[in-house]
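Open the model in your viewer and show it as a cartoon.

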Amino acid sequence: QVQLVESGGGLVQAGGSLRLSCAVSGSAFSFSIVKWFRQPPGNQRELVAVITTGSTTNYADSVKGRFTISRDNAKNTVYLQMNSLKPKDTAVYYCNLPRTGAWGQGTQVTVSS
């Protein structure tokens with residue numbers, strides 16, 4: 001059974017940076033697209049970034065130029081580097097493997113003004 005575990009969230013001031021990690025168990029990782037989503041307080045979950053098996057990336061307009069998604073297939077891990085953070089980036093961040101439908105438990109990111 002595939003499991004995803006996010007880490008790296010926390011409290012940061014506006015303009016700061018955080019790097020989130022998503023560790024994936026199981027052999028499906030290297031063959032899988034991975035997505036990062038976030039759910040701001042009181043709002044619906046929204047797609048933030050996508051990385052394909054060939055490391056092609058795509059981003060929501062709201063994070064382009066500030067966030068970078070990457071993957072390390074040797075470590076079964078996907079990263080989300082978040083720079084120039086804004087208060088509106090405050091949310092619980094989740095990683096997802098669409099191929100299996102698996103989700104992580106989420107990690108809280110809070111950006112103070």
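In what order do the 4 strands of the open sheet stand? The order is β1-β3-β8-β7, with antiparallel pairing. Strands here are DSSP runs of E, at least two residues long, numbered from the N terminus; helices are runs of H or I of at least four. Two strands pair if DSSP finds at least two bridges between them.

This is a predicted model: local features need pLDDT of at least 70, side-chain atom pairs count only at pLDDT 80 or more, and totals for chains, interfaces and linings use all residues. Residues are numbered from 1 along each chain as its sequence is written, and side-chain values use heavy atoms, leaving out hydrogens and water.

Pick Ile69: its bridge partner in β8 is Leu80.

**Show everything.** The protein has 11 strands and 0 helices. Its C-alpha atoms fill a box of roughly 40 × 25 × 20 Å along the principal axes.

**Colour by burial.** Of the 113 residues, 42% count as buried, meaning under 20% relative accessible area with a 1.4 Å probe, protein chains only; exposed is over 50%, and partly exposed lies in between.

**Draw contacts.** A contact means heavy atoms within 4.5 Å. Among contacts between residues at least 6 apart in sequence, 53% join residues at least 24 apart.
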